[in-house]
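Open the model in your viewer and follow along. Each stop says what to select and what is there.

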Amino acid sequence: MTFDDLPVAPADDPADAAAIIHAILRGLDRYHAPAIGFVIGKRVEAAGEGEGEGTRLLQDWVRRGYDLGNHTYSHLDLNNISANRYERDVISDDSFIAPLMAAAGRHVRYFRFPYNHTGDTPEKHAALAAFLAGRGYTVAPCTIDNEDSIFDQAYIAALRAKDTRSIHEIQAAYLDYTSVEIDYYASVHKQIFGREIPHVMLLHANKLNAGLIDNVLKVFEQKHYRFVSLATAMSDPAYATPDTFVTQFGWMWAYRWAKELGVKVNGNLESEPPGWIKQYAGNAASKIPAPPQ
Ligand SMILES: [Zn+2]
């Protein structure tokens with residue numbers, strides 16, 4: 001299980017950070033699910049009511065046995081800036097996570113690209129790969145996602161509008177879609193590698209997952225998955241597939257690996273979240289002011 005945008009996703013209210021982190025931790029504990037959280041330094045500074053609360057939340061995360069990884073300081077989009085500027089943003093993020101991990105006798109090993117944008121030109125892609133390797137980082141791929149951010153936006157809007165019926169419908173649709181996506185990505189990887197591989201699930205530190213973490217983990221359990229660390233998942237040979245494919249899009253790793261290995265997969269078979277979820281999120285965004293950042 002991997003959680004991006006710790007301690008609190010950009011679309012979420014920073015004041016909710018503590019509730020979000022603690023709810024996710026309780027769910028992970030209950031299911032004995034190892035997890036790593038990818039930290040945005042800027043969101044650490046913004047999180048919570050008081051000075052230093054963001055850091056204290058990350059401290060809780062580490063003390064409870066979960067890992068932290070680098071997700072850049074300001075969540076920049078590599079498509080829009082130079083490799084150099086981006087690298088400075090990676091370095092800036094280190095100070096938010098390395099001391100906490102060191103205090104627990106661990107070191108930071110993983111980096112996740114915001115938006116899964118890994119370099120839109122061969123030069124940038126190669127520059128970042130070399131830079132990250134040089135700093136001892138392994139790129140954390142992800143093999144299953146469930147578009148939790150778009151569901152989260154709809155969910156936040158429904159909560160603000162006290163639209164109880166929609167809250168329940170959004171929750172149910174999110175869990176249905178999670179199940180569909182797990183099965184979809186399981187089958188795509190079977191097609192690519194000829195077998196099931198250990199998966200890396202992409203989620204975000206948001207209000208939706210705070211409310212539904214137990215249900216999400218239960219979906220995996222019902223499908224007879226068990227939970228392992230990122231390192232264990234990545235020890236599977238599938239994760240040694242070269243990463244040379246260049247795209248401006250935030251493709252999931254199945255599509256990148258399929259390109260590397262010359263396997264044809266049809267991405268059009270992947271289901272989208274229901275249209276009304278996007279509509280609800282979009283309509284609400286235009287009517288209800290966003291919380292102050
Ligand atoms: Zn992110």
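**Stop one: a helix pair**

Select helix α6 (residues 148–160) and helix α7 (residues 164–193): they pack at about 170 degrees, with axes 9 Å apart. Helices here are DSSP runs (H or I, at least four residues), strands likewise (E, at least two), numbered from the N terminus. Axes are lines fitted to C-alpha atoms, for helices over the stretch in contact, with angles from 0 to 180 degrees between N-to-C directions. So α6 is roughly antiparallel to α7 (an angle over 145 degrees).

Now show side chains. In α6, Phe151 and Tyr155 are among the residues that meet α7, where the partners include Ile170 and Tyr174 (contact means heavy atoms within 4.5 Å).

This is a predicted model: local features need pLDDT of at least 70, and side-chain atom pairs count only at 80 or more, while totals for chains, interfaces and linings use all residues. Residues are numbered from 1 along each chain as its sequence is written, and side-chain values use heavy atoms, without hydrogens and water.

**Stop two: the zinc ion**

Select the zinc ion. Its protein donors are Asp5 (OD), His71 (NE2) and His75 (NE2), 2.0 to 2.1 Å away (donors are N, O and S atoms within 2.8 Å of the metal, or 3.2 Å for Na, K and Ca; water is not among the atoms, so sites may look incomplete). Asp5 sits in strand β1 (residues 2–6) and His71 in the loop between β3 (67–70) and α4 (83–103), so the pair ties together parts 66 residues apart in sequence.

**Stop three: a cis bond**

Go to Leu6 and Pro7. A cis peptide bond joins them, with omega about 0 degrees.

How values were computed. Parallel < 35°, antiparallel > 145°, perpendicular 65-115°, else oblique.
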